[in-house]
Amino acid sequence: MSSLKSKCLKSITVLSVAAALTACVNPVKEQHNSLVGNWKIVDVQGQAISNDKARLIFSEEGSVAGNNGCTNVMGTCQPVHDHLNLSPLATTRMACKGAAQQDAKVFTQALTHVEHFLVKGDSLFLTDMQDETVITLKK
């Protein structure tokens with residue numbers, strides 16, 4: 001009888017451990033998944049961006065696309081922990097004037113400084129090496 005109890009306890013223990021392990025969420029994967037989606041660019045280096053076209057879309061497959069306020073942009077990204085490896089973004093050639101042209105220029109320059117990312121609620125913060133926010137986006 002004690003042999004049966006011992007086997008039952010071992011089985012319950014093994015099942016409990018297996019359930020606990022599968023319930024754990026990999027924080028790196030969770031952070032990566034939180035990056036995925038359609039994000040509106042609201043601020044670049046302290047300059048408010050009011051252009052509704054200005055957005056970035058991060059995919060699960062590692063692509064990034066969107067609009068810098070003037071032209072379409074596309075490239076790849078690889079999040080590793082809180083680090084964001086961005087390829088140089090290709091852009092379409094469109095003639096823009098005024099605020100849209102300035103927004104695109106400021107965004108393109110700021111993007112070269114992005115090193116890290118932080119998702120907090122419905123906000124995405126792209127930060128530089130000193131973790132200073134360079135670009136703020138909202139879902």
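Modeller: Start with burial: a residue is buried when its relative accessible area is under 20%, and exposed when it is over 50%. By that rule, the buried residues of α3 are Asp103, Ala104, Val106, Phe107, Ala110 and Leu111. Keep in mind that this is a predicted model.

Colleague: What do the buried residues of α3 pack against?

Modeller: They pack against β1, β2, β3, β6 (83-86) and β10 (133-138). Contact here means heavy atoms within 4.5 Å.

Colleague: How do you know that the span of α3 is close to the one expected?

Modeller: The helix has 14 residues and reaches 20 Å from its first C-alpha to its last, and 20 Å is also what is expected at 1.5 Å a residue.

Colleague: Why is the link of cysteine 70 and cysteine 96 called a disulfide?

Modeller: The sulfur atoms of cysteine 70 and cysteine 96 are 1.6 Å apart. The cut-off is 2.5 Å, so the pair qualifies as a disulfide. The count by this rule is 1 disulfide.

Colleague: Which parts of the chain does that pair link?

Modeller: Cysteine 70 is in the loop between β4 (63-67) and β5 (72-80), while cysteine 96 is in the loop between β7 (90-91) and α3 (98-111). The two are 26 residues apart, and the parts they link are distant in the chain. The link is right-handed, with 100° about the S-S bond.

Colleague: Are cysteine 70 and cysteine 96 buried or exposed?

Modeller: Both are buried.

Colleague: And why is cysteine 77 called buried?

Modeller: Cysteine 77 has a relative accessible area of 8%. The limit is 20%, so cysteine 77 counts as buried.

Colleague: What makes lysine 40 and aspartate 52 a salt bridge?

Modeller: Their closest N and O atoms are 3.8 Å apart. The cut-off is 4 Å, so the pair counts. A search of the whole structure finds 1 salt bridge.

Colleague: What does the side chain of asparagine 67 reach at 3.1 Å?

Modeller: It reaches the backbone nitrogen of cysteine 70.

Colleague: What makes β3 a partner of β4?

Modeller: Pairing needs at least two bridges. β3 and β4 have 4, in the antiparallel sense, so they pair. One of the bridges has isoleucine 57 with alanine 65 in β4 as its partner. The two strands form a hairpin with 4 residues between them, and glycine 62 in the turn has a positive phi of about 100°.

Colleague: How many bridges join β1 to β3?

Modeller: There are 4, and these strands run antiparallel. The bridge partner of glycine 37 in β3 is phenylalanine 58.

Colleague: Which residues are on the covered face of β3?

Modeller: Leu56 and Phe58 are on the covered face, and Arg55 and Ile57 on the uncovered one. In a regular strand the side chains alternate between the two faces of the sheet.

Colleague: Why are β8 and β9 called paired?

Modeller: Strand β8 (residues 116-120) is joined to β9 by 5 bridges, running antiparallel. At least two are needed, so the strands pair. Histidine 116 stands opposite threonine 127 in β9. β8 and β9 form a hairpin with 2 residues between them, and glycine 121 in the turn has a positive phi of about 65°.

Key:
Residues numbered from 1 in each chain as written. Predicted model: local features only at pLDDT ≥ 70, side-chain atom pairs only at ≥ 80, totals over all residues. Heavy atoms only, no water. Buried < 20%, exposed > 50% of the residue type's maximum accessible area, 1.4 Å probe, protein only. Salt bridge = Lys/Arg side-chain N within 4 Å of Asp/Glu carboxyl O. Expected span 1.5 Å × (residues − 1). Polar contact = N/O pair within 3.5 Å; in protein donor to acceptor, adjacent residues only side chain to side chain.
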